[in-house]
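Please view the sequence and the structure first.

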Amino acid sequence: MSSLNASPITQFEDLALSPVLLQTLKEVGYEAPSPIQAACIPHLLAGHDLIGQAQTGTGKTAAFALPLLERLDLTNHHPQVLVLTPTRELAIQVSEAFQNYARHLPGFHVLPIYGGQSMTVQLRHLRRGAHVVVGTPGRVMDHLRRETLSLDNLRSVVLDEADEMLRMGFIDDVDWILERTPPERQIALFSATMPEPIRRVAHRHLRDPQEVKIQTRTATVATVDQRYWQVSGLHKLDALNRILEVEDMDAALVFVRTKTAATELAERLEARGYSCGSLHGDMTQALRERTVEQLKNNAVDIVVATDVAARGLDVQRISHVINYDIPYDAEAYIHRIGRTGRAGRAGVAILFVAPREMRMLRVIEKATRQAITPMQPPSQAVIAGHRLNRFKQKILDTLAAQELSFFREVVGQIEQEQDISAQDIAAALAYLMQRERPLQAPEVSNVKTTAPRLSEETRSHADAPSRPTPRRERSKEAVDSEAMRYRLEVGHQHGATPQNIVGAIANEAGIDSRYIGRIEIHDDYSTVDLPAGMSAEIFEHLKKVRVRQQPLNISRVAGAPEPERARRRPAATTSGSAGTRERVSRVAKVTSPEREHRPIIRRKRETES
């Protein structure tokens with residue numbers, strides 16, 4: 001076996017990938033190849049067999065998917081690439097990655113096959129044709145025995161996480177499958193470790209393989225308090241908002257995976273009232289330096305950054321690092337949280353983990369040899385308590401720092417003219433100051449409102465399904481409201497699910513998930529029933545919302561059948577029709593989450609001005 005050190009390649013343009021794939025990488029926001037991508041892609045593009053030794057989550061899926069997509073013959077609809085994975089979850093994940101990278105390859109099809117899935121469905125898709133098949137060894141063997149999967153046109157085989165397949169007892173199955181592949185096929189084997197049984201498989205089936213080994217650091221800073229919050233992707237913004245509300249932080253560095261995500265998240269946080277900036281690879285050096293200076297000088301409290309842009313960043317006031325997107329590998333995680341807890345100071349690192357990413361969390365814990373503590377989401381009462389404390393402190397700081405004689409005269413005039421106590425006037429002023437960010441938890445609020453927006457608690461429950469919504473929050477008007485059918489430009493071929501669509505609409509439009517009606521997902525589009533009377537502002541915003549990296553481009557369906565919920569509702573009588581229309585209009589109008597309230601973390605400069 002020949003060995004090759006990691007290539008010094010620093011950008012995807014140096015990897016001889018086609019303009020179509022480079023366009024896709026730019027769209028998804030990838031800035032620079034990871035070490036394993038830079039080392040493996042040239043070998044696989046050249047057709048060499050390969051052994052890649054790297055931990056899970058190092059970006060190896062792109063390391064083999066991109067070059068194998070480059071070598072596909074899209075006019076041949078028989079399987080040309082076979083990827084073997086140890087679990088169904090990984091098979092689905094790899095399939096989604098192929099589909100994402102091939103978004104601009106016309107007619108491309110990838111098929112995941114695994115046990116527990118309907119054999120009939122798999123057979124139908126195999127008859128239709130697939131360029132790439134991703135499967136678990138057992139189900140691939142079933143199809144080979146049935147002769148429903150042909151490997152005659154196979155060009156490449158990938159063994160993903162070979163050591164895990166060995167641990168699960170699949171290595172003999174892998175050997176059996178490889179014996180039935182064409183002799184001229186290319187094989188790429190990836191494994192975190194290289195036990196002897198895997199070495200034997202490599203020696204038997206691979207031809208003069210190139211060998212790439214990526215070393216991972218394993219040290220983390222002991223002064224950093226590491227926690228994680230299990231939260232799904234579409235609910236992360238609400239989770240981040242809660243953390244910024246309750247954590248006693250000076251400045252925060254929020255990490256995302258892509259340049260696009262950095263820009264979009266920074267804009268959303270700015271819209272919610274935070275002083276925020278972004279750091280990513282598309283920014284000029286001058287803009288990056290300006291953002292860093294603003295962070296150092298208290299002009300910015302939050303910076304949303306990608307891994308590449310944050311390299312070498314050393315700002316003492318960073319008290320919190322928040323991993324909004326879980327990193328691709330443990331080394332990136334170590335680098336990220338190293339931005340806080342520097343020079344012996346205490347720091348906090350919070351990691352958002354989706355249920356399907358728990359495996360990556362265990363990889364990080366294993367690599368760092370440290371347990372990451374699960375954290376409890378702060379309740380509405382806790383959030384309200386923190387707001388109240390900050391509100392009181394702001395009043396005290398103002399009393400200490402500002403000249404208030406003119407305003408005392410104004411209050412005195414109101415006292416005399418209206419015969420109202422100064423305490424009542426102060427209460428009214430306090431209400432005006434805090435009404436955009438209530439100081440009372442919704443459970444104990446005694447303020448009644450008929451405003452059309454959903455309450456903060458209702459929105460929080462919509463974004464966190466694990467906490468049931470109290471029955472008293474249910475609105476008869478909302479349940480009875482008329483519905484309209486809309487078309488969304490995202491479907492099966494993009495990997496969309498009903499949960500994706502409900503989460504996106506509930507999070508971005510503020511529509512409670514209970515009021516989102518029937519969803520039908522087709523190959524390249526979907527339809528959904530939503531309350532009629534949606535405001536133009538929300539409608540335009542939803543056009544830009546993305547599901548599976550695909551803009552919804554929502555539009556009204558002309559001539560669509562009346563939605564089921566609307567058909568079941570009794571027709572309004574003539575005398576009540578006007579009131580019904582007014583009620584429906586009032587309930588259906590929702591407000592953008594970017595304007596729902598304006599929280600802010602502690603700002604020293606406000607009290608100093």
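The sections below cover a pair of helices and then a strand with its partners.

## Basis of the report

The model is predicted, and local features need pLDDT of at least 70, side-chain atom pairs count only at pLDDT 80 or more, and totals for chains, interfaces and linings use all residues. Residues are numbered from 1 along each chain as its sequence is written, and side-chain values use heavy atoms, with hydrogens and water left out.

## Helices α2 and α3

Helix α2 covers residues 35-45 and helix α3 covers residues 60-70; they pack at an angle of about 25°, with their axes 8 Å apart. Helices here are DSSP runs of H or I with at least four residues, and strands are runs of E with at least two. Axes are lines fitted to C-alpha atoms, for helices over the stretch in contact, and angles run from 0 to 180 degrees between N-to-C directions. The two helices are therefore roughly parallel to each other (angles under 35 degrees).

On the α2 side, the contact (heavy atoms within 4.5 Å) is made by I36, Q37, C40, I41, L44 and L45. On the α3 side, K60, A62, A63, F64, L66, P67 and E70 take part.

## Strand β9

Strand β9, residues 224-230, is mostly covered, with 5 of its 7 residues buried (under 20% relative accessible area, with a 1.4 Å probe and protein chains only).

β9 runs parallel to strand β14 (residues 347-353), joined to it by 7 bridges. It also runs parallel to strand β15 (residues 373-374), with 2 bridges. Y228 stands opposite L351 in β14, and the bridge partner of Y228 in β15 is P374.

Key:
Angles under 35 degrees count as roughly parallel, over 145 as roughly antiparallel, 65 to 115 as roughly perpendicular and the rest as oblique. Buried means under 20% relative accessible area, exposed over 50%, partly exposed in between (1.4 Å probe, protein chains only). Two strands pair if DSSP finds at least two bridges between them.
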